[in-house]
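Please examine the protein shown here before reading the conversation.

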Amino acid sequence: MLDDLSEFALAPVLDALDLGTIVLDAHGRIVGWNEWMGRVSGFSKQSVLGANLYDVFPTLRGSRLPAAIEDSIQVGSSSVLTHSLNALLPLRGENGQELLHNIVVRPISSGRSRYSLLQINDVTVPVTRERVLRERQNARYHAIVDSAPDAIITTSADGTIQWLNGAAERVFGYAPPQLVGRKIDVLLLGGDKLSNALAGDGAHGAGSSIQVVGRRQDDETGYFDVSFARWSADERVFVTTIWRDVTGRMAAEAALRESETRHRALLEALPQLVWTAGAGGGCDYFNPQWQAYTGAASEAHLGSGWLKVIHEADRAGLQAAWESSLSQGRVFDAEARLHRFDGAYRWFKMRAIPVAPDGTITKWFGTATDITDLVEARNSLRRNNEELEALVAERTHEREVALNQLYESQKMETIGQLTGGVAHDFNNLLAVILGSLSLLKKALPEDPRTSRLLEGAIQGAERGATLTKRLLAFARRQELKLEAIELQKLIPDVMDFLRQSVGPSISVTLDISPDVEPVKIDANQLELALMNLAVNARDAMPLGGSLTITCRNETRRDLAGLPVALPRGDYVRICVADTGEGMSKATLVKAMEPFFTTKGIGKGTGLGLSMVHGLAAQAGGAMHIASDLGRGTAVTLWLPRARQEDVAQPAGQPIAAATNGTGRKLRILLVDDDSLVSMNTAYMLMDLGHSVLEATSAGHALQLFESDPQLDVMITDYAMPGMNGLDLARRIRATRPMLPIILATGYAELPPHATLGFPRLGKPYTQDELAEALDQVLNASPPQGSWGTEFQSASGRASAG
Amino acid sequence: MKFGASELSEVEQDALAEIANIGVSRAANSLRQMVGEQVLLSVPAVSIVTRQAASRLVERDNPAKLVAVQQSFEGPFSGRALLIFPEAQSLELVRSIIGDEHSLEDVIDLEHEALAETGNIILNACLATIANVLRRTMRMSLPSVIRGDGATLFDVQGGANGGNLVLFLYIDFTIKHHDVHGFIALLMDLPAITILKAIVRDYIDAIGQQPSSHVG
C-alpha cells in the first residue's frame with residue numbers, strides 16, 4: 001500500500017498549487033515552472049523551460065535575487081525576499097492588476113546536482129486590504145493631528161522620536177527628518193522629567209501632563225504642557241505626546257505672580273493691620289502686622305476666627321455690620337476695640353471694600369487702623385464739652401441767682417422808694433396833725449371827755465409817726481447816727497430786756513468772739529433790730545427752744561459764696577438763730593418785704609425784718625435769712641467794721657435835752673413849700689409867742705431877707721423844689737453869719753453822713769421839740785455833735801468879730 | 001581543558017573577525033542592492049562567551065527590550081544564529097532600510113518582514129561565508145523574528161539543549177546616516193565550537209600557505 005503511494009508523481013501537484021514555483025539549476029536555467037507561474041507571468045512552461053531566468057525577467061539582474069539564488073545553490077541557504085523591500089517579478093493577476101508577491105528561495109539537492117526552488121506567494125489581497133485599512137485610518141488620524149495647533153510627537157519608550165506632525169515642525173522649527181530617530185531631549189531644556197515620564201516611571205499616568213521648557217531649533221525656549229498617551233504595537237511601546245505651548249500663559253502667570261508678590265509686599269509693608277476675606281466673608285489672609293498685634297498665628301483667625309480678638313462689647317455690633325456689608329455688598333466701616341497680644345485693647349477703625357473685577361464680588365480687602373488717640377481725643381473733647389456745659393449751667397445758675405438778687409434788691413429798692421415817699425408825705429401830715437392836736441389840747445379847757453378823745457387822737461398820730469419811722473428805716477431813709485459800737489458791750493447790755501421779751505421757755509445763748517471788732521452802726525437801731533429778731537424768734541418757738549446770737553469777724557475773702565452781695569471789705573457777722581418752726585420757701589422769699597407777716601392780724605406789723613434789712617443795707621452791710629420748715633431760722637447780718645476815725649466819738653443826741661425856753665419874742669422866717677406844714681408850724685411858733693414870716697420857697701425866703709433884715713431865726717424845710725433848705729441856709733449864712741438857722745428834715749432826706757453845719761429838727765416834730773430846737777440855737781451854747789462844732793466855730797467867729 | 005577549548009586565541013579572534021567581515025560585506029552588498037544606497041557593515045570584535053554572559057552583553061545598555069532575527073543552521077556544525085538589536089535600534093534600522101518617507105505606522109507594519117529579510121540577508125551572508133571557507137554546504141532555515149530580553153533570546157533557562165556557548169560578534173550598521181549597533185550570536189554546542197575552531201585554524205593555515213592570494 002505504502003509502496004503504491006510513494007510512486008505518486010508530484011508534477012500534477014505542482015501545477016495545482018496556488019503559488020508559483022520555479023526551479024533553477026546550478027547555471028540559473030529554468031528547469032521547473034508550474035502552471036500558476038504561467039498564468040501570472042504570461043509565459044508558458046514550454047516557452048521558458050531551459051531559458052535563463054534573467055533572460056526571461058531581465059530586471060531581476062539588478063535585484064538581490066541572483067545572490068540569494070546563488071547562495072542557495074552554493075551554500076544551501078534559504079532567503080526571503082519581500083515585495084516591500086524588493087522589486088521582484090512583473091506578474092499580473094487575472095484582472096490584469098499588479099500582483100504583489102514575496103519570494104522564498106530554498107536549496108534543493110537531487111543526487112549530486114543542486115537546484116534552487118523559488119516559491120512565489122501572492123500577497124496582493126492581504127496587502128491591499130491592509131493598505132486600504134491603513135489609509136482610511138491614516139486619513140482620519142492625519143485629519144486630526146495635522147490640523148492640531150499643538151505639536152504632536154510620537155516617540156518610542158526610550159524617547160527616540162518616531163514621528164511628528166506639521167505643528168511640531170512649525171513649533172520647533174525642524175523638518176521631520178532632522179528629528180526622527182533623535183532623542184526627544186533635543187527639544188528640551190533639561191529633559192529628565194519628560195524622559196522619565198515617557199519611559200513610564202509610573203508617576204505620570206495616561207492623560208496626565210507635565211510642564212517642560214522646550215527648545216526650538218533657534219535655541220529659543222518656550223513653556224509647554226506636555227500630555228502623553230502610551231500605546232503599543234507588536235509588543236513595541238510608543239508614547240504620543242501633545243505639546244501645548246503655554247509660553248504666553250506662563251508669562252501671564254509670571255506677571256500675575258509678580259503682581260501678587262508686589263501686592264503681597266504692599267500688604268505687608270502697610271503699617272495698618274490688613275486682612276482679606278472671600279466673597280462669603282471668611283477671612284483668608286492677615287498681614288504680619290495683624291499677627292504681631294494680636295500675637296496669634298494667621299491660621300488662628302482664618303474664617304471667622306478673628307472675631308475672637310474683638311472686644312466682647314463691640315463683637316455683636318461689628319459682626320452685624322460685617323454681615324450687613326456682605327449681604328449688601330457695601331463698604332464695611334466700623335469701629336471696635338481689638339485685643340492686643342499683651343491683653344490691652346486699642347480702638348481700631350475697621351474698613352473693608354469689596355473687590356468685584358467683573359461686577360461680582362470675589363474678595364474683600366480690609367484694613368484696621370489704630371484710632372485710639374483719635375477716640376481719646378474725641379472723648380476728651382466730649383468731656384470738655386460736658387464740663388463746659390456744666391460750667392455754663394453753673395454760671396447761668398449763678399447769673400440767675402445774681403439776677404434774682406438784683407431783682408430782689410431792685411424790688412426792695414423800689415418798695416423802699418415808694419415806701420419812703422409815702423412815709424415822707426405821711427410824716428408831714430402827721431406833723432400837721434400832731435401839731436394841731438397839741439395846740440388844740442392847750443387851747444381847749446380841761447374836760448375829761450374831750451381830753452380823752454384828744455389823747456386818743458394824739459396817740460394814734462404818734463403810732464402813725466412810729467410806723468412811718470419804721471417804713472423810713474426799711475427805705476433806708478431813717479436818720480442813722482453811725483458810730484463805732486462794740487458788740488461785746490452793746491449786746492450784753494440789752495440781754496436782760498431781751499430775755500424778758502422772749503420769755504422763760506426760750507434759752508438765749510451768746511457767742512461773741514472776744515476779738516470781734518467794733519462795727520459802724522446806729523446803736524439804738526441795732527438794739528431795735530436785735531429786739532425785732534428776738535421777738536420773731538420767740539413767735540417761731542411757741543413751745544420753747546433756744547436762741548443763739550453769734551458774732552464773728554469776717555473779711556471779704558471769707559465771704560465768697562455768700563448768698564448776699566457785699567463789697568470787698570472787713571465785716572462783723574451777727575447771727576441770730578432759733579430752733580423754731582422755720583419758714584417755707586414761699587414765705588422766705590417775701591420775708592423782707594414790708595407789711596408781709598405770718599403772724600395773726602394785729603399781732604405784727606410786717607415791718608420787723610424789713611426794718612432790719614433796711615438798717616443793714618443803709619449801714620453798708622447786708623442781711624440774709626436762712627430757713628427751712630422745721631429747722632429753725634437763722635438771720636445773719638453783716639455790718640461793716642468801724643474804721644479808726646469812727647471810734648473817736650461816743651454817740652450823742654442830735655437834740656440836747658430840752659431846756660427851758662428863753663421866753664424871748666422872736667421874729668422867725670419859716671420856709672416850707674408845704675403850706676399845711678408851714679401853717680401848722682407857724683401856729684406852734686406863734687403859740688410860743690413868736691412872730692412868723694412865712695416863705696413858700698428858698699427864693700421867696702431870700703427876697704424876704706432883703707426886704708426885712710430884722711429876722712432873728714430861720715427855720716427851713718430841707719426838701720423843697722428848686723433851691724433846697726441846705727443851700728438856702730448856706731446862702732443866708734454867707735451874708736448873715738450870726739443868724740441862727742434850723743434845718744427841718746424828714747428821715748433820711750439828707751445824704752448820709754452829710755456834714756450840715758446846721759442844727760437839725762426831725763420831722764414830724766412836736767411843739768416841745770420845736771421849742772427845744774429854738775432854745776438850743778439861741779442859747780449860743782453849742783451842743784455836742786458835728787453840727788455843734790460848726791455852730792461853735794460860727795459863733796466863735798461872731799464873738800471874735 | 002573543556003573550558004579552554006572554548007577560548008579563542010588572539011589570532012583566532014582576528015581570523016574569525018575577518019571571516020565575519022567578509023560575510024557582512026557580502027550582506028552589505030545585498031542590502032545596497034535592496035535599498036539602493038551605500039550600506040556599511042562592520043564587525044569590530046569577536047568572542048566566545050557563555051549564554052549567560054551573552055545575555056548580559058546584549059542587555060548592557062538596553063535592559064529587557066530586544067528584537068532578534070533567528071535562523072537555525074545545519075552542516076559541519078549546527079546551531080542557531082541570532083541578529084540582535086535593541087528594540088529602538090531595530091526600528092531605526094527598519095526606517096533606514098525602507099526609507100524616511102514612510103509614516104510611523106508603515107514602519108511599524110513593515111518592521112516585522114523588513115527585519116526578517118534584513119536579518120536573513122546578514123545571517124545568510126555570515127553563514128555562507130563560513131560555508132565557503134569550508135567549501136561545504138550548510139542548510140539554513142527561513143528567518144523568524146523573536147522579541148524578549150537576553151535570557152529569552154539565549155534560552156538561558158533552556159539549559160543543555162543546543163549547547164552552552166555563544167560565538168558573539170558586535171556588528172555596526174551605517175545606512176543613510178543612521179548608525180545602528182547590534183550583535184550577531186551563533187549559539188553552538190562544544191563540538192560545533194571545536195569544529196569552528198578547526199575551520200578557523202585551517203583558514204589561518206591557508207592564509208599562511210598562500211600569503212599573496214587573499215579571498216575577496
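Predicted model: local features only at pLDDT ≥ 70, side-chain atom pairs only at ≥ 80, totals over all residues.

Modeller: Residues are numbered from 1 along each chain as its sequence is written, while chains are lettered from A and ligands numbered from 1 in the order in which they are written.

Biologist: In what order do the strands of the open sheet in chain A lie?

Modeller: Strands are DSSP runs (E, at least two residues), as helices are (H or I, at least four), numbered from the N terminus. Two strands pair if DSSP finds at least two bridges between them. The open sheet of chain A has 5 strands with antiparallel pairing, in the order β2-β1-β5-β4-β3.

Biologist: Why is one side of β2 and of β3 in chain A left without a neighbour in the sheet?

Modeller: In chain A, β2 covers 30-33 and β3 covers 79-81.

Biologist: Over how many bridges do β1 and β5 of chain A pair?

Modeller: Strand β1 spans residues 20-25 and β5 spans residues 113-122 of chain A. Asp25(A) stands opposite Tyr115(A) in β5(A). The two strands pair in the antiparallel sense, and the number of bridges is 6.

Biologist: What share of the residues in chain B is buried?

Modeller: Chain B holds 6 helices and 8 strands. A residue is buried if 20 or more other C-beta atoms, placed from the backbone, lie within 10 Å of its own. Of the 216 residues in chain B, the buried share is 49%.

Conventions
Buried ≥ 20, exposed ≤ 12 C-beta atoms within 10 Å, placed from the backbone.
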